[in-house]
Amino acid sequence: MPRRLVVINVVGLSYDMLGPDTPNLSQLAREGFARPMGTVLPAVTCSAQSTILTGLLPREHGIVANGWYFRDLSEVWLWRQSNRLVQGERVYDAARRRDPNYSVAKMFWWFNMYADVNWSVTPRPCYPADGRKLFDSYSEPAELKDELQSRLGVFPLLKFWGPGADIESSRWIADASIEVMRKSNPSLTLVYLPHLDYNLQRLGPSDSRVRADIRAIDAEAGKVIKAARESGAEVIVLSEYAITDVDRPIHINRILREHGFLSARREISGWETLDCGASRAFAVTDHQLAHVYVRRPEDVPQVAAVLKQVAGIEHVLDRQAQAEFGIDHERSGELVVASDRRSWFTYYFWLDDTLAPDYARTVDIHRKPGYDPVELFVDPNLKFPKLKIASRLAKKLLGFRYYMDVIGLDAQIVKGSHGRLPDVGHEASDAPVFICSSKSVETDAIPMTAVKELMLRLQFEAH
């Protein structure tokens, strides 16, 4: 019979955060051990989580970013939820071969829908035909979300992402995870706590105000650790990536457009949209990494030459070079581009802000053809922003369609990012962390690809 294990994913946590601001996490490290952890390219949520659970690189599990270009559809899709997009054996599949009664709770980790687990919860808004957006969640079993929301209230989606994102969403997840652990006693519980992601991107890790966020997430992680230890479970705390200070956004799609590679279409509404299928080349941007999709093979050298001249771009990887980094998968772009330490990529493709698409000024993670951290801020140029937000919410409450156009278009406001590989010698601050309650699996170096095997050893072999 395996030992019970709780794995807490504290997004953005790094080794050098252990100390006075993290009494609970530091105590866990003293009981067991802690190490900076290796990561993968790209060091982003979906890729990192897939590597943690499969032990594979993106070339093998296929999750080359938080989203990519579906060539057969000529569409960019980010933040899809189906677990069937992930290729390879998960840690819990391997565990069930050892113990058919092995059970799993997956609390807000990504690719949660249709995962082969016993209990799961993930955000899943409802979109009525009239254009409204209703906050809801998806769970397995279906009644689990109702049981949790009857005790804890509706999951606070506005606190999970966007300008209002704060500790409340992580607190809800922590409390819900404890409820599931106590009621169902899973063999493995996977818990996702995103709070550090917010102000580390808004303010940058060098800002002293981030210390309050570190203390806040330590308290929530501490509750889960306490419940796990009281039940006799081992605990692993890890992160997907660390965040570094940035001050230079790179508008890679504007550069491609200016060189005649990217095509945009003027809609009847008056704004522009990215025409992926008609473009010779365009980028799907994801923090400090971008997949550049080049329609014609003969254009690849010319596109690469253009990008190599762009300030802030550190690597331009063709298919052969991608193999060195384990990202040479069919879903990857013909070119994969990584920024330097202080830079990151916007998705912006318009050359005139008056032609920006309507979704650009909203929180819309599915419609935008790239990741947009500016969604974490209310546009500082808005007059009376609280009044504007209140008026939009009033329309929502009254059942009317509404347009929450409160996001700005100035990417300079973002002060933290991630996605590239850490520089050698900066692992304590630029790399994710691995903390374990037991010294039985202690090792000097922990690549992200080794986490799956360490989890299995901790549950089935270590004493």
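Two strands pair if DSSP finds at least two bridges between them. Helices (H or I, at least four residues) and strands (E, at least two) are DSSP runs, numbered from the N terminus. The model is predicted, and local features need pLDDT of at least 70, side-chain atom pairs count only at pLDDT 80 or more, while totals for chains, interfaces and linings use all residues. Residues are numbered from 1 along each chain as its sequence is written, and side-chain values use heavy atoms, with hydrogens and water left out.

**First stop: the eight-stranded sheet**

Select E5 and E6, which pair in the parallel sense over three bridges. Within this pairing, Ala105 has Trp119 in E6 as its bridge partner. Now widen the selection to the open sheet of eight strands, whose order is E2-E20-E9-E1-E8-E5-E6-E7 and whose pairing is mixed. Strand E2 (33-36) and E7 stand at the edges with a single partner strand each, so one side of each is left without a neighbour in the sheet. On average, neighbouring strands of this sheet are turned by 10° against each other, direction ignored.

Helix H6 lies across E1, E5, E6 and E8, and runs at about 170° to E8.

**Second stop: helix H4**

Which residues of helix H4 (residues 91-98) are buried? They are Val91, Tyr92, Ala94, Ala95 and Arg96. Buried means under 20% relative accessible area, exposed over 50%, and partly exposed in between (1.4 Å probe, protein chains only). The cover over these buried residues includes helix H2 (45-54), E5, strand E8 (188-193) and helix H14 (451-460).

**Third stop: aromatic rings**

Rings of Phe, Tyr and Trp (its six-membered ring) pair if their centres lie within 6.5 Å; planes under 30 degrees apart count as stacked, over 60 as edge-to-face and the rest as tilted. A search of the whole structure finds 21 aromatic pairs. Select Tyr114 and Tyr138: their ring centres are 5.9 Å apart and their planes stand at 75°, so the pair is edge-to-face. Tyr114 lies in the loop between strand E5 (104-107) and strand E6 (119-123), and Tyr138 in strand E7 (residues 137-140), so the pair ties together parts that are 24 residues apart in sequence. Tyr114 is partly exposed at 42% relative accessible area, and Tyr138 is partly exposed at 23%.

Move to Phe155 and Trp172, an edge-to-face pair with 5.2 Å from centre to centre and 80° between the planes. Phe155 lies in the loop between helix H5 (144-152) and helix H6 (167-184), and Trp172 in helix H6, so this pair ties together parts that are 17 residues apart in sequence. Both Phe155 and Trp172 are buried. Ring pairs also link Phe108, Phe155, Phe160, Trp172 and Tyr192 into a cluster.

Phe108 deserves a separate selection. This residue is in the loop between E5 and E6 and is buried, with a relative accessible area of 1%. The phi of Phe108 is near 75°, a positive value in a residue other than glycine.

Select the open sheet of four strands in the order E14-E15-E17-E16, with antiparallel pairing. Strand E14 (281-286) and strand E16 (313-317) stand at the edges with a single partner strand each, so one side of each is left without a neighbour in the sheet. The twist averages 20° from one strand to the next. E14 and strand E15 (residues 289-294) pair in the antiparallel sense over six bridges, and the bridge partner of Val284 in E15 is His291. Helix H10 (residues 300-308) packs on the sheet and touches E14, E15, E16 and strand E17 (335-339).

**Last stop: two cis peptide bonds**

Where are the prolines of these bonds? Pro42 lies in the loop between E2 and H2, and the peptide bond from Leu41 to Pro42 is cis, with omega near 0°. Pro141 is found in the loop between E7 and H5, and the bond from Glu140 to Pro141 is likewise cis, with omega near 0°.

Technical notes:
Contact means heavy atoms within 4.5 Å. Axes are lines fitted to C-alpha atoms, for helices over the stretch in contact, and angles run from 0 to 180 degrees between N-to-C directions.
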